[in-house]
Amino acid sequence: MVEQLFGSKTRVKLLHLFCNNPNRSFYVREITRKIEEQINSVRRELSNLLSIGIIKSDTSGNRLYYEVNQDHPYYKSLRSMFTYVADEGADSSVTSTDMSTRFRAVGSVDYVALSGVLTRDDKSPVDILIVGDVNKSRLDNLISEIESEEGGELRYTVLSRGQYDYRYHLKDKFLNSVFNSKKTVVIDRIHSEDEDTDKNNSKPKKSKE
């Protein structure tokens with residue numbers, strides 16, 4: 001049904017890839033590998049999406065990279081739609097790009113941010129920041145999988161929730177560098193908890209009669 005609405009299976013896969021990976025950019029052959037479509041079809045649909053501004057491109061290291069344009073007026077609507085499509089059984093070659101599901105499988109994870117080489121930010125001190133109680137063996141296997149997909153070794157840091165909270169309140173230089181970098185947050189239970197606390201604290205108290 002979604003393919004009929006958007007007119008192309010390749011276009012749907014591209015929108016799903018980009019909308020599930022804000023702040024991440026991909027080059028053509030990488031995209032072709034991830035969505036398992038022919039390169040000519042991928043190039044044609046990338047050109048279509050560029051022409052209407054849903055994605056943007058730039059060149060780095062003699063490669064042309066593409067990423068979703070978060071300033072596009074329909075970005076939020078498309079992201080909502082295509083993350084929903086993923087949950088409803090989209091093609092497995094596309095849903096594998098959703099890091100959230102993969103990192104939740106390694107333990108009780110509160111926060112995961114992708115940065116560094118994964119978002120082409122050379123100034124970031126780390127490629128993956130993980131906060132929570134993780135199974136080391138499962139995490140090692142997942143990191144190896146992602147390194148294989150990305151074609152290179154990744155720098156990653158794991159903090160317990162206690163370590164994160166302590167360093168966060170100290171305004172730790174490392175954490176601030178990660179927060180200020182170009183990043184994609186794929187899991188965030190920490191700040192959603194803070195928002196819930198703020199909402200509860202803002203509720204008016206009932207006066208005693």
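Hi everyone, let's start with one serine. If we leave aside neighbours within four places in sequence, Ser 124 is in contact with Ser 115, Gly 116, Arg 155 and Ser 181; contact here means heavy atoms within 4.5 Å. A quick word on what we are looking at: this is a predicted model, where local features need pLDDT of at least 70 and side-chain atom pairs count only at pLDDT 80 or more, while totals for chains, interfaces and linings use all residues. Residues are numbered from 1 along each chain as its sequence is written, and side-chain values use heavy atoms, with hydrogens and water left out.

Back to our serine. Is Ser 124 buried or exposed? Ser 124 is buried, because its relative accessible area is 2%, and buried means under 20%, with exposed over 50% and partly exposed in between (1.4 Å probe, protein chains only). Ser 124 sits in the loop between S4 and S5. Those labels come from DSSP runs numbered from the N terminus: helices are H or I with at least four residues, and strands are E with at least two.

Now for the strands. S4 covers residues 107-114, and six of its eight residues are buried. S4 runs antiparallel to S5, residues 128-134, and seven bridges join them; strands count as paired if DSSP finds at least two bridges between them. Leu 114 stands opposite Ile 128 in S5. S4 also runs antiparallel to S7, residues 184-188, this time with four bridges. There, Val 112 has Ile 187 as its bridge partner.

Next, a helix. Why is H3, residues 28-35, described as largely enclosed by the rest of the structure? Because six of its eight residues are buried: Val 28, Glu 30, Ile 31, Thr 32, Lys 34 and Ile 35. Just after H3, Glu 36 takes a positive phi of about 55 degrees.

Finally, H3 has a partner. The axes of H3 and H4, residues 39-51, come within 10 Å and cross at roughly 110 degrees; the axes are lines fitted to C-alpha atoms over the stretch in contact, with angles from 0 to 180 degrees between N-to-C directions. That makes H3 roughly perpendicular to H4, a word used for 65 to 115 degrees, with under 35 roughly parallel, over 145 roughly antiparallel and the rest oblique. On the H3 side, the contact is made by Val 28, Arg 29, Ile 31, Thr 32 and Ile 35, and on the H4 side by Ile 39, Val 42, Arg 43 and Leu 46.
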